[in-house]
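Here is a short note to read beside the sequence and the model. The points go from the overall fold to single residues.

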Amino acid sequence: MNQRKIREVFCFLLRMTMLPLVFYRLLARRRLTIILYHAIQPELFRRHLHFLKKRYHIIKMSDYLDCRRNGGSLPDYPLVITFDDGHRENYSLLPVLREAGIPVTIFLCSSLTGTKRHFWFKEYRNFKFLKQLPDAERLRRLEKDGFREENEYDDYQSLSGEQVTDLKEVVDFQSHSMTHPVLPNCSDLKSRREIRQSRSDLERNFGLKVNGFSFPD
């Protein structure tokens with residue numbers, strides 16, 4: 001039996017003992033766990049919440065940030081549920097969130113929220129390739145294919161202003177930059193603007209209290 005096969009058998013037997021799960025539960029008791037979604041169907045999300053509520057104490061991202069800044073302790077098995085980008089599909093989760101009484105955090109792109117602008121990575125099939133390019137080159141290639149960040153379309157991909165207002169009762173909204181660039185590929189000046197302006201725009205346009213930032217990648 002070769003070494004790879006031996007490792008596979010050993011890992012299988014280890015899983016059968018449930019020891020990895022036991023160790024994970026011991027470590028997770030005092031550690032924050034964060035789950036990241038982008039978009040998910042309501043019924044599937046309902047099943048996820050049913051599973052998670054039995055195993056974690058679900059808290060707001062803002063509660064965790066307050067604890068880090070001001071001191072205090074978290075409950076056992078703390079969990080934060082987040083959504084990146086603020087896709088319009090997230091609005092369909094409102095009944096599930098009301099029903100479950102579970103706080104979630106949605107990170108918004110301030111230049112897309114409340115508009116009919118599109119996410120650049122949804123307009124370019126090989127978007128992973130674009131992520132590797134300097135920001136100016138990424139924008140140049142997108143423009144060559146007819147996409148500009150300021151373009152308005154017939155449909156919308158991000159949450160509308162009215163939807164943000166409706167979701168406020170159950171959602172903690174935070175910042176995810178203005179246009180969702182690849183920040184390491186941007187100039188320092190643009191990176192600072194994407195971060196700072198996003199916060200001020202979200203607070204001014206939607207009446208949000210923004211104290212958290214999710215790094216777009």
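This is a predicted model: local features need pLDDT of at least 70, side-chain atom pairs count only at pLDDT 80 or more; totals for chains, interfaces and linings use all residues.

1. Residues are numbered from 1 along each chain as its sequence is written, and side-chain values use heavy atoms, with hydrogens and water left out.

2. The protein has nine helices and five strands; these are DSSP runs numbered from the N terminus, with helices being H or I of at least four residues and strands E of at least two. Along the sequence their order is α-α-β-α-β-α-β-α-β-α-α-α-β-α.

3. Of the 217 residues, 42% count as buried. Buried means under 20% relative accessible area, exposed means over 50%, and partly exposed lies in between (1.4 Å probe, protein chains only). Of the contacts (heavy atoms within 4.5 Å) with a separation of 6 or more, 72% come from residues 24 or more positions apart.

4. Strand β4 (residues 104-108) is mostly covered, with five of its five residues buried. Val104, Ile106 and Leu108 point one way, and Thr105 and Phe107 point the other way. In a regular strand the side chains alternate between the two faces of the sheet.

5. Which strands pair with β4? Strand β3 (residues 78-85) runs parallel to β4 and is joined to β4 by four bridges; strands count as paired if DSSP finds at least two bridges between them. Phe83 stands opposite Ile106 in β4. The chain passes from β3 through helix α5 (residues 94-100) to β4 in a right-handed β-α-β crossover, meaning that, with the strands pointing away from the viewer, the path from the first strand over the helix to the second runs clockwise. Strand β5 (residues 171-175) also pairs with β4 in the parallel sense, over five bridges, and Val171 in β5 is the bridge partner of Val104.

6. The structure holds 13 salt bridges, each a side-chain nitrogen of Lys or Arg within 4 Å of a carboxyl oxygen of Asp or Glu. One of them joins Arg46 and Glu99 at 3.1 Å, N to O. Arg46 lies in helix α3 and Glu99 in helix α5, so the pair ties together parts that are 53 residues apart in sequence. Arg46 is partly exposed, at 27% relative accessible area, whereas Glu99 is exposed, at 55%.

7. The side chain of Arg46 also makes a polar contact with the side chain of Glu43 (2.7 Å). A polar contact is a pair of N or O atoms within 3.5 Å; within protein, one must be able to donate a hydrogen and the other to accept it, and residues adjacent in sequence count only if both atoms are side-chain atoms.

8. Asp135, Arg138, Glu149 and Lys190 are linked in a network of salt bridges.

9. Asp155 is in the loop between α7 (135-144) and α8 (161-167) and is partly exposed, at 34% relative accessibility. Beyond its neighbours within four places in sequence, Asp155 contacts Lys116 and His118. The side chains of Asp155 and His118 make a polar contact (2.9 Å).
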